[in-house]
Amino acid sequence: MNATPTPGKLLVSPKDHTLIMIDFQSQMSFATKSIDAVLLRNNAALVANAAAGFGVSTILTTVAEKTFSGPMFSEITEAFPGQKLLDRTSMNTWEDTAVIEEVNGIGKNRLVFCGLWTSVCIVGPTLSALDQGFEVYVIADACGDVSDEAHERAMDRMVQAGIRPMTSLQYMLELQRDWARAETYEMTTGIAKKFGGAYGLGIIYAKTMFGASEGH
């Protein structure tokens, strides 16, 4: 067996998956206790901006937007100006005809999910998609639930079923993967500086103090 400098097939890349962002809405966030609301919004913004910047096919969906749950986080919608939000009545996104038509229209077998709440609105579609033969990932820190227990048991259930967990920063860096990719370098580090927490502060410091660059 010979090693080669090629990425593994389980790594995500910009054109090999569809991102589905579910129910990042005011009413859903009020009862979310497993993650701080500011951190949740920040992570959702990081994911949305990374997906938009890398040209990832993305589906944005809400539940009862006008009658109960309220608008989707502006941090997400601003990353996808003009994109239609698919509003549902079903808690399980996978049971909504319009969403499934969009999934089929895009036609990608690898799906990445994030949203509120983990135990309902993420478990439902991920297990349903997995059952139909899709390859499924979940961005764990861009999800939240009514308690730590609810979020953690939901993640356990999905992982045990074969769904692959990841984090928001991991998602973006996996899309970039090589700092020598100059065409997306500034975008990636720019998103990190804005939404990447301490990592972003480190980039700001290194660039300001030393003119440092990961690509050189």
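A search of the whole structure, which is a predicted model, finds three aromatic pairs, where rings of Phe, Tyr and Trp (its six-membered ring) pair if their centres lie within 6.5 Å, and planes under 30 degrees apart count as stacked, over 60 as edge-to-face and the rest as tilted. One of them joins Trp179 and Tyr185 in an edge-to-face arrangement, 5.7 Å centre to centre and with 85 degrees between the planes. Trp179 is partly exposed, with a relative accessible area of 24%, whereas Tyr185 is buried at 7%; buried means under 20% relative accessible area, exposed over 50% and partly exposed in between, with a 1.4 Å probe and protein chains only.

Residues are numbered from 1 along each chain as its sequence is written. Because the model is predicted, local features need pLDDT of at least 70 and side-chain atom pairs count only at pLDDT 80 or more, while totals for chains, interfaces and linings use all residues, and side-chain values use heavy atoms, with hydrogens and water left out.

Tyr185 also takes part in the contact of helix H8 with helix H9, in which Met172, Leu173 and Gln176 of H8 meet Thr184, Tyr185, Thr188, Ile191 and Ala192 of H9, contact meaning heavy atoms within 4.5 Å. By class, this contact has five nonpolar, three polar and no charged residues, where Ala, Val, Leu, Ile, Met, Phe, Trp, Tyr, Cys and Pro count as nonpolar, Asp, Glu, Lys and Arg as charged, and the others, Gly among them, as polar. H8 and H9 pack at an angle of about 170 degrees, with their axes 10 Å apart; axes are lines fitted to C-alpha atoms, for helices over the stretch in contact, and angles run from 0 to 180 degrees between N-to-C directions. The two helices are therefore roughly antiparallel to each other, given that angles under 35 degrees count as roughly parallel, over 145 as roughly antiparallel, 65 to 115 as roughly perpendicular and the rest as oblique. Helices (H or I, at least four residues) and strands (E, at least two) are DSSP runs, numbered from the N terminus. In the loop between H8 (168–176) and H9 lies Arg177, which has a positive phi of about 65 degrees although it is not a glycine, and which counts as partly exposed at 31% relative accessibility.

Helix H2 (residues 37–54) packs against H9 (residues 182–195) at an angle of about 170 degrees, with the axes 10 Å apart, and that makes H2 roughly antiparallel to H9. On the H2 side, the contact involves Asn42, Ala45, Leu46, Asn49, Ala50, Gly53 and Phe54, which meet Thr184, Met187, Thr188, Ile191, Lys194 and Phe195 of H9. The residues of this contact divide into seven nonpolar, five polar and one charged.

Leaving aside neighbours within four places in sequence, Tyr171 is in contact with Val12, His17, Leu19, Val47, Ala51, Val56, Val112, Ile139 and Met166.

The loop between strand S1 (18–22) and helix H1 (26–30) holds Gln25, which is buried with a relative accessible area of 0%. Not counting residues up to four places away in sequence, Gln25 touches Thr62, Val63, Glu65, Ser69, Gly70, Pro71, Met72, Phe73 and Leu116. Asp23 is found in the loop between S1 and H1 as well; Asp23 has a positive phi of about 55 degrees although it is not a glycine, and counts as buried at 0% relative accessibility.

Leu116 leads on to Trp117 through a cis peptide bond, with omega near -20 degrees, and Trp117 is found in the loop between S4 and H6. Within H6, the buried residues include Thr118, Cys121, Ile122 and Val123, and what covers the buried residues of this helix includes S1, H1, strand S4 (110–115), strand S5 (135–139) and helix H7 (148–161). Leu127, which lies in H6 (residues 118–131), is partly exposed at 21%, and touches Arg157, Ala161 and Ile163, not counting residues up to four places away in sequence. Just after H6, Gly133 takes a positive phi of about 95 degrees.
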